[in-house]
Amino acid sequence: MNKAKLYHQLAPEAWHEKGLSKLNQLICVLILLASLTAILETEPTLRAMAPGLFTALEAIFIGMFTLEYLLRLYAIGEDPRYRGVTGRIRYIFSFWALVDLLAILPFFLGFMSHNNAFLLRLLRLARILRLARLGRFSQAWSALASALKSRTHELLLSAGVAGLLLLFSSCCLYVVEAAAQPEAFGSVPRALWWSIATLTTVGYGDVTPITALGKFFAGITAVAGIGIIAMPTGILAAAFSDALQNKHSS
């Protein structure tokens, strides 16, 4: 396969037929299998049953992903933006090329961390992040990025409103609950944890107001939290729908 055909097979934006090329379909399957293997490997009983299996599978996946990375680096010269040595260096530091590189780095870094259990767990988790590579093959990611960009002002405004409400409810609970529960509401930063849990409608229940005024402000905060969560959700949903419609119409 020459460079031009390889580029059209590997670059989703260069593939003019419907869906993905056969090669990119295979890569998607490999990404899913590699991520599933990384998830299963975190289970100690499975590692004990087949101690060498996961290492062998990871080596196979890394070999394939490394070959894919090198092939992309070779074929990317067909893109006018990345021709020549300087163009390929520019490509190496592009977003998706860095994601590809991060997908294979944990394997090689693992050889330097056998005596560090925390680092080993972190590297195993990093392998699951290979799923992010699927974003290269999906129009939904670009539509989401477009939606976020088009609604930046509205999202920042809703975040500002949420921040003000968090601070206001924390101050109110500090005033009315500090005397009754100094451990939980003895300062505004302490009360802030309760406000976050309530405003996001999580409601862990580890900290609750006990005074009448405290319960009153807690009720207002809880009801306001529903509207605060709904605001950015509605903004994003509308923007995402508009972005997808624009892509289909173009």
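Which residues have the most contacts inside the largest nonpolar core? That's where I'd like to start today. They are Tyr7, Phe65 and Tyr91, and the core has 22 residues. By nonpolar core I mean a set of buried Ala, Val, Leu, Ile, Met, Phe, Trp, Tyr and Cys residues joined through side-chain atoms within 4.5 Å. Buried is under 20% relative accessible area, exposed is over 50%, and partly exposed is in between, with a 1.4 Å probe and protein chains only.

Quick housekeeping. This is a predicted model, so local features need pLDDT of at least 70 and side-chain atom pairs count only at pLDDT 80 or more, while totals for chains, interfaces and linings use all residues. Residues are numbered from 1 along each chain as its sequence is written, and side-chain values use heavy atoms, with hydrogens and water left out.

The elements giving it two or more residues are α1 (3-10), α2 (22-41), α4 (53-75) and α6 (95-109). Those are DSSP runs numbered from the N terminus: helices are H or I with at least four residues, strands are E with at least two. There's also a second, separate core of eight residues, and among them are Ala184, Phe185, Val207 and Ala218. As a general point, nonpolar side chains tend to be buried together in soluble globular proteins.

Now zoom in on Phe65. Skipping neighbours within four places in sequence, Phe65 is in contact (heavy atoms within 4.5 Å) with Leu30, Ile31, Ala34, Ile104, Arg130 and Arg133.

Keep an eye on Arg133, please. How many salt bridges does the structure hold? Four, where a salt bridge is a side-chain nitrogen of Lys or Arg within 4 Å of a carboxyl oxygen of Asp or Glu. In one of them, Arg133 pairs with Glu68 at 2.6 Å, N to O. Glu68 sits in helix α4 and Arg133 in the loop between α7 (117-128) and α8 (139-150), so to speak a link between distant parts of the chain, 65 residues apart. Both partners are buried.

Arg133 also meets Asp100 in a salt bridge, 2.7 Å from N to O. Asp100 is in helix α6 and Arg133 in that α7-α8 loop, so this pair ties together parts 33 residues apart in sequence. Buried or exposed? Arg133 counts as buried at 2% relative accessibility, and Asp100 is buried too, at 3% relative accessible area. Through shared partners, salt bridges join Glu68, Arg72, Asp100 and Arg133 into one network.

What touches that network? Ile27, for one: leaving out residues up to four places away in sequence, Ile27 touches Leu10, Glu68, Arg72, Arg133 and Phe137. Ile27 is in helix α2 and is buried, with a relative accessible area of 5%.

Asp79 lies in the loop between α4 and α5, and Asp79 is buried, with a relative accessible area of 6%.

Last stop, the surface. Val85, Ile89, Phe93 and Leu98 make a nonpolar patch of about 410 Å². Patch residues have over 30% relative accessible area and no salt bridge; like charges are joined within 9 Å, and nonpolar side chains (Val, Leu, Ile, Met, Phe, Trp, Tyr) within 5 Å. The areas are Shrake-Rupley values with a 1.4 Å probe, and for residues only the protein chains shown count as cover. Ile89 belongs to helix α5 (residues 84-92) and, at 43% relative accessibility, counts as partly exposed.
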